Amino acid sequence: MFHLFASISKFAVIICLTLISPPPTLSLQSEINVWPKPRLVSWPKPLATFLSPNFTITFPNHHQHLTAAVNRHLRLIQTEHHHPLVTPSVNISTSSPPLETLVIKILDLTAPLQHGVNETYTLSVPEVGAVAYLTAETPWGAMRGLETFSQLVWGDPLAVPVGLYVWDEPLFAHRGVLLDTSRNYYGVEDILRTIEASGANKLNVFHWHITDSHSFPLMVPSEPELAAKGSYGPDMVYSPSDVARIVRFGFEHGVRVIPEIDSPGHTGSWAGAYPEIVACANMFWWPEGSQWTDRLASEPGTGQLNPLNPKTYQVLKNVIRDVATLFPETFYHGGADEIIPGCWKADPTIQSFLSNGGTLNQLLETFVNSTLPYIVSLNRTMVYWEDILLDASIKVDSSFLPREHTILQTWNNGSNNTKKIVEAGYRAIVSSSEFYYLDCGHGGFVGNDSQYDQQTTGVNSRNGGSWCAPFKTWQTIYNYDITYGLSEDEAKLVLGGEVALWSEQADPTVLDSRIWPRTSAMAETLWSGNCDQTGKKRYAEATDRLNEWRYRMVSRGINAEPIQPLWCVRNPGMCNTVNSL
């Protein structure tokens with residue numbers, strides 16, 4: 001009997017967040033390490049067989065994105081030779097021949113990559129026979145199954161479990177990462193690496209926050225001056241060919257690329273090309289001696305589009321039309337967060353409007369009425385940040401936001417704001433800063449900040465200067481239930497969630513370690529939940545699995561940060577606490 005090293009951790013069907021029930025007749029016994037954990041694994045006997053040196057994958061090869069995914073995974077399977085950190089034994093079956101082929105069957109090759117696409121797959125590796133079978137409803141589900149199969153393979157010579165059956169599909173249809181490329185620039189290769197890691201974690205959305213007050217790095221063909229005068233420089237611009245490459249790469253990894261062009265707030269970078277349409281551009285963000293309520297922006301970098309200037313819509317509609325052409329994705333993110341009263345009040349034309357009885361809310365209503373119908377006419381669904389409906393100072397009535405065309409993304413006040421959004425009948429994407437903001441806990445970035453001049457201990461310096469401190473650990477992210485406090489019907493309106501990396505204090509040098517493996521924690525909870533079959537949170541057993549997955553990501557070129565000392569990995573369970581803290 002041969003013994004090979006394998007990474008073993010127990011699987012469980014998730015019921016605390018289950019929305020769709022798997023077939024009820026399958027065995028739940030398994031000791032397979034795949035991240036995110038599949039919904040159901042049956043592996044009654046811990047047997048494995050070798051992978052043939054001539055192992056191949058057969059599939060419907062007239063789908064260009066699936067072809068790229070199959071070729072990529074085949075190379076990975078043949079060359080990775082993963083050696084797990086922990087060394088339990090798996091028996092090599094004496095009755096199983098080497099596995100020669102993985103056969104992929106797809107029921108609907110034409111299904112587009114869009115929100116709600118079926119990502120279900122089944123994977124069967126028989127104990128007898130040299131062929132394994134991956135069946136999926138769509139090419140995108142097949143990509144998820146390919147990732148699972150690649151994680152099942154280990155060692156040198158290569159081995160794979162046999163007598164194995166996996167049934168899998170996600171709990172939530174929207175699972176993503178937001179990256180802000182305005183405050184600091186990220187090269188195309190950095191974005192591609194983030195998308196690749198997202199696909200490996202079975203995430204399906206890259207939310208690209210492209211522009212903000214700090215820079216406008218996107219070359220818009222009909223408005224080239226925006227990038228020419230609003231970017232950090234000609235070497236920090238995304239060309240149409242760059243965008244096409246990123247979008248295509250996303251398709252090859254089953255990841256939708258959702259563009260965000262934030263407006264009317266966060267638009268100071270537009271003023272280089274069009275100063276006449278931007279209020280309070282290039283002004284100091286918080287004038288000396290003024291109250292916080294009189295600030296011009298919530299952080300350095302002022303500027304908001306003027307809804308009263310007709311040229312605003314001429315320029316903005318050109319941008320929207322070109323972005324819709326560059327990005328085939330059906331969701332268009334329009335931002336609409338953090339619209340600051342002081343900025344609009346600093347503009348003479350808006351001052352006149354307000355002095356004649358107009359209101360700030362009416363300004364935003366004018367902006368929405370002048371842009372939302374145009375976006376909908378381009379067959380796009382509009383995504384806004386929650387502020388447009390929930391902000392305390394400037395917001396619109398729900399009558400301006402048709403529910404069939406509008407999705408709201410929440411970022412404040414945790415589950416309370418999620419509930420407000422779904423109670424109002426809107427679909428929600430959850431990015432609660434208390435749980436899902438990856439930039440939190442690194443201190444503030446403004447200079448000349450007196451709160452850091454402390455000579456005694458125990459002094460409260462406002463969370464170390466980070467407005468959303470503390471740092472969001474992977475455990476915090478893993479344990480967050482994005483439908484907490486919602487009724488069954490309300491929970492159906494929650495599309496999923498996104499972690500967010502805002503880039504005031506991030507750039508390519510820290511990109512991987514800020515995102516991974518904390519985002520892997522969200523990836524599992526949105527795919528298969530965070531509870532075991534008894535309804536108990538499974539963060540304890542997830543620790544060892546995440547350690548193993550982080551190590552494997554690093555070997556694949558993703559510089560994910562460690563979550564424990566290596567000693568803990570080599571001594572499973574010894575670094576846990578058995579007491580309540």
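Buried here means under 20% relative accessible area.

**Figure 1. Overall fold of the predicted model.** By that cut-off, 57% of the 581 residues of the protein chain count as buried. The chain holds 18 helices and 19 strands. Its C-alpha trace spans about 85 × 60 × 45 Å along the principal axes. A compact globule of 581 residues would have a radius of gyration near 25 Å, and the value for the protein chain, 25 Å, agrees. Among contacts with a separation of 6 or more, 77% come from residues 24 or more positions apart.

**Figure 2. Surface and charge of the protein chain.**

**Figure 3. Strand 16, residues 381–385.** 5 of the 5 residues in this strand are buried, so strand 16 is largely enclosed by the rest of the structure. Thr 381, Val 383 and Trp 385 point one way from the strand. Met 382 and Tyr 384 point the other way. Residues on both sides are buried.

**Figure 4. Pairing of strand 16 with strand 15.** Strand 15 covers residues 331–335. The two strands pair in the parallel sense over 4 bridges. His 333 stands opposite Val 383 of strand 16.

**Figure 5. Pairing of strand 16 with strand 17.** Strand 17 covers residues 406–410 and runs parallel to strand 16. These strands are joined by 4 bridges. Tyr 384 has Leu 408 of strand 17 as its bridge partner.

Definitions and conventions: Residues numbered from 1 in each chain as written. Predicted model: local features only at pLDDT ≥ 70, side-chain atom pairs only at ≥ 80, totals over all residues. Heavy atoms only, no water. Rg over C-alpha atoms; globule rule 2.2 N^0.38 Å. Buried < 20%, exposed > 50% of the residue type's maximum accessible area, 1.4 Å probe, protein only. Contact = heavy atoms within 4.5 Å. Areas by Shrake-Rupley, 256 points an atom, 1.4 Å probe, with all protein chains shown as cover. Lys, Arg positive; Asp, Glu negative; His and termini not counted. Charge placed at Lys NZ, Arg CZ, Asp CG, Glu CD. Pairing = 2+ DSSP bridges.
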